[in-house]
Amino acid sequence: MTTPSRGGDRSAIQIAGGIRERTLAALGDPPTTAVFHQIAEEIHLCCPRLSRFKCVRLAYGWTVEEAIERFHAMCDREQIKRRGLTERSWREWEAGARPDRDYTDLLCRLFETGPVQLGFARDYTPEELRRPDGWRRGTAPDLVTAAAREASEHAERAETSEVGDSVLERLRTQVIWLSRRYVWESPLPLFVEMRALQEQARRALERRVHPAQAGELYFLAGTLCGLMANASMDMGRRMPADTLARAAWTYGRIAGHQSLMGWARGMQASVALWDRRYEDAAGYAEAGLTHLPRGQGGARLHMLRARAGAMLGWTREAEDDLLRAADAREPGAGDELHDGFAGEFAFRPAKHAYYTAVAYLHLGRPDRAIDHARAALDLYAREDRQNRSYGCEAMAAAHLAAAHLMEDDPAGAERAMAPLFDLPPERRIDSLAETLQAARPRVGGSLADRLEAFCASGLPQSAARALPEAPVHEGGVG
C-alpha cells in the first residue's frame with residue numbers, strides 16, 4: 001500500500017479544511033448530513049489519494065480522537081455495547097484497511113451513510129445511472145456562485161509561483177477535452193469537473209514555477225473560467241457567468257493571451273445581450289475586437305456586435321458587422337483557443353450561420369433569418385459528433401420557429417420546434433427556454449401547452465435543485 005508523505009498529508013488536510021470552511025460559510029442554515037457527504041465528495045475529488053473514509057471524517061472536521069469519542073457516544077446513545085475501538089485501528093482503516101462487518105455497520109451508523117460511501121465496498125451501478133441521482137439530491141451548497149467568487153478573488157491576487165512539465169501537459173489535455181466534451185455533453189456534471197481542474201491550476205500557481213509555466217497556468221485557469229462562465233449561462237446564472245468571464249479576461253491579461261482576452265469580452269457581450277443590456281454588449285464586443293480582430297474569434301465578436309446593434313436599431317452598423325464577420329474568416333488567421341482548443345471555443349460556419357439568423361430576426365428580416373437558420377441546421381446535420389453543438393443546433397431551430405411565426409406561418413414554426421421536444425431536460429439550456437417563451441404568445445392550442453411544459457422543466461430547474469442559491473456576495477474584477 002502506498003502511503004502519502006507527511007508533507008502531502010498536511011497539504012491534503014489543509015485543502016480539505018478549506019473546502020469545508022468555504023462550503024459551510026456559504027450555507028444559510030445549519031449543515032445537514034447530506035451537506036457533509038457533499039463536502040466529502042469534493043475533498044475526494046480534489047485529493048484522490050485520501051481514502052473515502054478519511055474524507056468523510058475531514059468533512060465533519062473531526063480529529064481521529066474526536067471521531068472515536070463520537071463513535072463511543074453513539075454506542076451509548078443507541079444502547080449498543082461499546083467496542084474496543086483504538087486510534088490505531090481507525091488510522092489503519094483510513095490508510096485502506098477494511099473493518100469487519102460489525103465495525104462497518106457501526107461506522108455507517110455514525111456517519112449516516114453506506115459502506116460504498118465510506119470506501120468499504122464497491123458500487124457496481126453504471127456511471128450513467130449513478131450520476132443523475134447524485135445531482136437530484138440537490139442539497140449541495142451553491143457551487144456556481146462559489147466558483148465564480150473563488151475565480152474572481154484568485155484572479156485579483158494572482159502571483160508568480162513551480163510544477164513539473166508533465167503536470168502542465170496533463171492539465172492542458174484535460175482542459176482541451178473538457179472544451180470539446182461540452183459540445184455534446186450536459187453542462188451540470190461538467191461544471192464540477194471544470195471547478196476541480198480550476199482548483200488544481202490555482203494550487204499549482206501557489207508553488208514556485210518558471211515564468212513560462214506561470215503563463216501557461218494562468219492561461220489554463222482563464223480558459224476554465226471561460227468554460228464555467230458558459231456553463232453558468234446555460235444554467236441560467238448570468239451574474240456568476242459575468243464574474244467568471246471577467247476573471248477569464250484578467251487571467252488572459254496576466255498571461256498575455258490575446259485570444260483569451262478577446263473571447264472573454266465576447267462572453268461578457270453574450271451575457272449582456274441576454275440581460276438586454278445592448279449598449280454594454282456592443283461595447284464589450286468592440287473591446288474584444290481590439291484583442292482579436294481576425295479569425296473565428298474576430299468573426300464571433302463582429303456577430304455579437306451585429307446582434308446588439310440590431311436590438312438597438314442600428315441597422316446600418318449591424319449590417320456592416322455582418323459583412324465584417326464574413327471577412328474576418330481569412331485563411332491563416334487562426335489562434336490557439338478557437339482553432340487549437342476548439343470545442344466550445346470554436347466559432348464554426350454552422351454557429352456563424354445561426355448567429356446571422358438571430359441578427360436578421362432582430363433586424364426585422366424573418367425571410368433572411370429563415371434562410372440562415374436552415375443553413376445552420378443543414379451544416380449541423382453534416383457535422384461529426386465532436387463539432388455538433390446540440391445547444392446551438394437547438395437555438396437555431398428555435399429562432400427558425402420564431403422567424404416562421406413572424407411570417408405568420410404557425411405550421412412552419414411547429415415543424416421547426418418538433419425536434420426540440422425530444423431534448424432531455426438536462427440539455428434544455430436557459431437561452432433555449434427564453435427564446436421559446438418569447439414565441440409562445442404567437443401560438444395556441446396543444447402547441448402552446450407543449451411549449452409551457454417544455455420550458456418548465458430544463459437545465460436551469462435541474463441546476464436550481466442541485467445547486468441552490470446561497471446568500472454570498474458575488475464580486476468581480478475589471
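Helices here are DSSP runs of H or I with at least four residues, numbered from the N terminus. This is a predicted model, where local features need pLDDT of at least 70, side-chain atom pairs count only at pLDDT 80 or more, and totals for chains, interfaces and linings use all residues. Residues are numbered from 1 along each chain as its sequence is written, and side-chain values use heavy atoms, with hydrogens and water left out.

**View A. Asp408 sits in the loop between helix 20 (390-406) and helix 21 (410-417).** Its phi is positive, near 60 degrees, and Asp408 isn't a glycine. Most residues other than glycine have a negative phi. With a relative accessible area of 68%, Asp408 is exposed (over 50%; buried is under 20% and partly exposed in between, with a 1.4 Å probe and protein chains only).

**View B. Glu112 is another loop residue, found between helix 6 (101-111) and helix 7 (127-136).** Here too phi is positive in a non-glycine, at about 55 degrees. Glu112 counts as exposed, at 53% relative accessibility.

**View C. Helix 12 (residues 238-255) meets helix 13 (residues 258-274), with axes that come within 8 Å and cross at roughly 165 degrees.** Axes are lines fitted to C-alpha atoms over the stretch in contact, and angles run from 0 to 180 degrees between N-to-C directions. The two helices are therefore roughly antiparallel (angles over 145 degrees). Residues in contact (heavy atoms within 4.5 Å) include Trp249 and Arg253 in helix 12, and Leu260 and Trp274 in helix 13. By class, this contact has ten nonpolar, two polar and five charged residues; Ala, Val, Leu, Ile, Met, Phe, Trp, Tyr, Cys and Pro count as nonpolar, Asp, Glu, Lys and Arg as charged, and the others, Gly among them, as polar.

How values were computed:
Parallel < 35°, antiparallel > 145°, perpendicular 65-115°, else oblique.
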